[in-house]
Amino acid sequence: MAPAPHQGFRHVMDEQDNGRVGTKAAGPGQDANKETKEMLEIRNLHVELEEEGKEILKGVDLSLPGGAVHAIMGPNGSGKSTLSYVLAGREGYAVTKGSITLDGTDILELEPEERAARGLFLAFQYPVEIPGVSNMTFLRTAVNAQRKLRGEPELSAADFLKLVREKAKALKIDAEMLKRPVNMGFSGGEKKRNEILQMAVLEPRLCVLDETDSGLDVDAMKLVAEGVNALRSPERSFLVITHYQRLLNHITPDMVHIMADGRIIRTGGPELALEVENNGYAGLLEEVA
Ligand SMILES: Nc1ncnc2c1ncn2[C@@H]1O[C@H](COP(=O)(O)OP(=O)(O)O)[C@@H](O)[C@H]1O
Ligand SMILES: [Mg+2]
């Protein structure tokens, strides 16, 4: 079977605002006077699987201010990973309605790498293994590709080495791991820590962590949480997607959103996560049924 052509991200929406600019990098604060002060604004987002035309996200609304940590919780199959993929621009999903803006810019118009250059980072639920590419080469290529897209000079080999060693040390990542092919033969905990290393090196503006805690023992989870907490800053926001409450004992969110059947059904403070921990999702689901 011939491989499917790369289709990029299909954005099926009424194209009213043809005059959209959206190519200038929007740094922190630069667009503060635009229509929204939120860093990430998701409005009435409807998403279908391209192949099957099945609607997965059915009107998601979410606002994430700069410097904030919001958690998204919800039962399996509620659409959490789909939301993270659509944010990153993964192919195979069609946005049929709604919008996503990052620092006031419509990102649905942008290719995944352009979104990344604007500071969007997705830590995968299942990190991929890349045989034949060393972790170091991968990181350096990613950093320099982003710098290039932003019109910044590339980092020299020496500067990059210094940067990555520093970040790896802070995350208690063995230098040996940097030489190995990306995620090959890494334990579950090492893969997740490697995702956090990528995040630390790329210094994103918006970090989306999709079940970074899944499959981790308590010690590995604490290391991941420490890594995230070390990266918290007024200029950086996090969407922490998790099925369980336990990660949120270590990463305290400002807000918690509960997702079910493709919608946010409740938003509250950190106590909402505890409510889920104690009562499960059943009660919340009944409320909206
Ligand atoms: N590529 C796909 N093909 C078929 N079904 C999919 C695909 N991606 C997601 N789904 C379906 O969409 C729903 C939401 O999935 P997902 O976003 O992974 O939820 P969550 O991360 O909350 O567990 C599920 O019913 C899942 O089976
Ligand atoms: Mg998921």
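Strand β1, residues 40-49, is joined to strand β4, residues 93-102, by eight bridges, and the two run antiparallel. Within this pair, Arg-43 stands opposite Ser-99 of β4.

A word on conventions. The model is a predicted one, in which local features need pLDDT of at least 70 and side-chain atom pairs count only at pLDDT 80 or more, while totals for chains, interfaces and linings use all residues. Residues are numbered from 1 along each chain as its sequence is written, and chains are lettered from A and ligands numbered from 1 in the order in which they are written. Helices (H or I, at least four residues) and strands (E, at least two) are DSSP runs, numbered from the N terminus. Two strands are said to pair if DSSP finds at least two bridges between them.

By that count, the chain holds nine helices and 12 strands. Of its 289 residues, 37% are buried, a term that requires 20 or more other C-beta atoms, placed from the backbone, within 10 Å of the residue's own.

Let us return to β1 and β4. They belong to an open sheet of four strands in the order β2-β1-β4-β5, with antiparallel pairing. Because β2 (55-64) and β5 (105-106) stand at the edges with a single partner strand each, one side of each is left without a neighbour in the sheet.

Which strands does helix α1 lie across? Helix α1 lies across β1, β2 and β4, and runs at about 70 degrees to β4. Such angles run from 0 to 180 degrees between N-to-C directions, with axes fitted as lines to C-alpha atoms, for helices over the stretch in contact; contact means C-beta atoms, placed from the backbone, within 7 Å. The helix spans residues 80-88 and is mostly covered, with seven of its nine residues buried. Among the buried residues of α1 are Lys-80, Thr-82 and Tyr-85. After the helix comes Gly-89, with a positive phi near 95 degrees.

Helix α1 provides three residues of the shell around ligand 1, the largest share. The residues surrounding ligand 1 include Leu-49, Ile-56, Asn-76, Lys-80, Ser-81, Thr-82 and Gly-92; a residue counts as near if its C-beta atom, placed from the backbone, lies within 6 Å. How many of the shell residues are nonpolar, polar and charged? The shell divides into two nonpolar, eight polar and one charged.

How values were computed
Ala, Val, Leu, Ile, Met, Phe, Trp, Tyr, Cys and Pro count as nonpolar, Asp, Glu, Lys and Arg as charged, and the others, Gly among them, as polar. A residue is buried if 20 or more other C-beta atoms lie within 10 Å of its own, exposed if 12 or fewer, and partly exposed in between; C-beta atoms are placed from the backbone. Two residues are in contact if their C-beta atoms, placed from the backbone, lie within 7 Å.
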